[in-house]
Amino acid sequence: MATVNPWRPTEPSGRKLSIHVVTWNIASEAPPLDLNDLLQLNNQNLNLDMYVIGLQEMNCGIMSLLSDTAFEDPWSSFFMEVLSPLSFIKVSSVRMQGLLLLVFAKHQHLPFIQIISTKSIPTGFYGYWGNKGGVNICLKLYGYYVSIINCHLPPHMANNDQRLEHFDQILEMQNVGRHDIPNILDHDLILWFGDMNFRIEDFGLHFVRESIKNRCYADLWQKDQLNIAKRQDPLLREFQEGPLHFPPTYKFDKNSDNYDTSEKKRKPAWTDRILWRLKRQPHAGSYTPELPVPDFFLSLRSYISHMMYTISDHKPVSGTFDLELKPVVFIPMITLMHEGLWTTENDILISYSSTPDFLSSSWDWIGLYKVGLRHINDYVSYVWVGDNQVSSSDGLNQVYISVNNIPETEDQFLLCYYSNSLQSVVGISNPFKIQPRAILQEDPLGEAQPRI
């Protein structure tokens, strides 16, 4: 053990991460039975690494909020139930009344995702009410700053100026309260999506519906309020969007594919959008294969609506991205090791090492998980690294987990080291099995035989 040197920095190679982003105004409804199309679970070619999911108009009645505070809300539970068997773990979440933002990642990426902050920015009722506004998760991904914003902006055609004011307010409030984080405009990537409520100007209801029926969207794009604002606002112009090659996603009669047939007959609009801004990315279309690939480059693979879902008056929208990066952080802060055969007959000894710049805390802990965990608190057992430490020498530390806390099962397990100061997983082991306790049984000749 003393001769092992687990901290061996090597030159990082390029890495590609596939990220699937979802936005949906769910109109206070419960999850449908099947979201495979929305999550692209039937597309075997995607090989996704992360899911970023933003919902608006979650049920925020008093009883619902109280229940969701004590337990997981139904939507979070649904996504975890579907994604955890595929090795996706809920990395972080933030909720503000009807707004919910969730981030999932494959477990092998956990040591390279550091949650910096979560934030809620209410803009409803002069900034005091969270029915409108934005929620944000700021994280470091392989050493790069990434900000993720899910928003719900003011509705109605006439409130476009107010929408743009709220957009600016949400952006400005990201820089309040933390001096150790760069200005959000200096972050390597901003993903911004939600029910932005931008409408189609000038054209009447009949023209818009006929254009949609004939799939003639070009004229409608020109009068889309967000596109108009981007032509006029240099900062907003820095946020990119994929082509709107799908029908407007609002407003539908619930449980149907028909646009609004109520007395109001609201004009269809692309209210549900996904935008992004890359600090280092050249202007759209300027990158060519002959040039060197940037250290951090995002490309859009698909940008679509999912028209088959009818529970809401909005249709969900998803965007799938490929993020190519050269990792700044390419070794985990903690390397976890397990030696030999582990059984439930003896306490388990865990060895780990840390990088020279890692600052441990007495509140750090190591969790034992079944493979397929839903989130970081889904542990089978855990130990405080300070309380259960056995030895520490030559950069290697050892702690133990009591045999009384280990289940007897044939499942595979993982170990995760959680840093309290970083509020993130900084080390994860390879999957392994723990052999059940050997039980002695009599054979026909009367001799005791071991049985696993």
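The following legends describe close-up views of a predicted model.

Residues are numbered from 1 along each chain as its sequence is written. In this predicted model, local features need pLDDT of at least 70 and side-chain atom pairs count only at pLDDT 80 or more, while totals for chains, interfaces and linings use all residues; side-chain values use heavy atoms, with hydrogens and water left out.

**Figure 1. The chain as a whole contains seven helices and 22 strands.** Helices (H or I, at least four residues) and strands (E, at least two) are DSSP runs, numbered from the N terminus. Of the 452 residues, 51% count as buried; buried means under 20% relative accessible area, exposed over 50%, and partly exposed in between (1.4 Å probe, protein chains only). Among the contacts (heavy atoms within 4.5 Å) with a separation of 6 or more, 67% involve residues 24 or more positions apart. The chain exposes about 21,500 Å², of which carbon and sulfur atoms supply 51%. Accessible areas come from the Shrake-Rupley method with a 1.4 Å probe; for residues, only the protein chains shown count as cover.

**Figure 2. Helix H4 (residues 205-213) has the buried residues Val208, Ser211 and Ile212.** Seen down the axis of H4, these buried residues fall within an arc of 100°, so they line one face of the helix. The arc is that of the directions from the helix axis to the C-beta atoms. An α-helix has 3.6 residues a turn, so residues three or four places apart point the same way. The cover over the buried residues of H4 includes helix H5 (218-222). On the other side of H4, His206 and Lys213 are exposed. Arg215, which follows H4, has a positive phi near 55°.

**Figure 3. Strands E16 (residues 389-393) and E17 (residues 396-401) form an antiparallel pair over four bridges.** Two strands pair if DSSP finds at least two bridges between them. Ser393 stands opposite Leu396 in E17. Two residues lie between the strands of this hairpin, where Asp394 takes a positive phi near 55°.

**Figure 4. Glu238 and Arg277 form a salt bridge, with their closest N and O atoms 2.7 Å apart.** The pair links distant parts of the chain, 39 residues apart: Glu238 is in the loop between helix H7 (234-237) and strand E9 (272-278), and Arg277 is in strand E9. A salt bridge is a side-chain nitrogen of Lys or Arg within 4 Å of a carboxyl oxygen of Asp or Glu; by this rule the count comes to twelve. Glu238 is partly exposed at 36% relative accessible area, whereas Arg277 counts as buried at 10%.

**Figure 5. Lys251 and Asp313 meet through their side chains in a salt bridge (3.0 Å, N to O).** This pair links distant parts of the chain, 62 residues apart, with Lys251 in the loop between H7 and E9 and Asp313 in the loop between strand E10 (296-305) and strand E11 (317-325). Lys251 counts as buried at 14% relative accessibility, and Asp313 is buried at 13%.

**Figure 6. Asp411 and Lys370 form a salt bridge whose closest N and O atoms are 3.4 Å apart.** Asp411 lies in the loop between E17 and strand E18 (412-419) and Lys370 in strand E14 (residues 365-370), so the pair ties together parts that are 41 residues apart in sequence. Asp411 counts as partly exposed at 33% relative accessibility, and Lys370 counts as partly exposed at 34%. Elsewhere, salt bridges that share partners join Asp224, Glu241 and Arg273 into one network.
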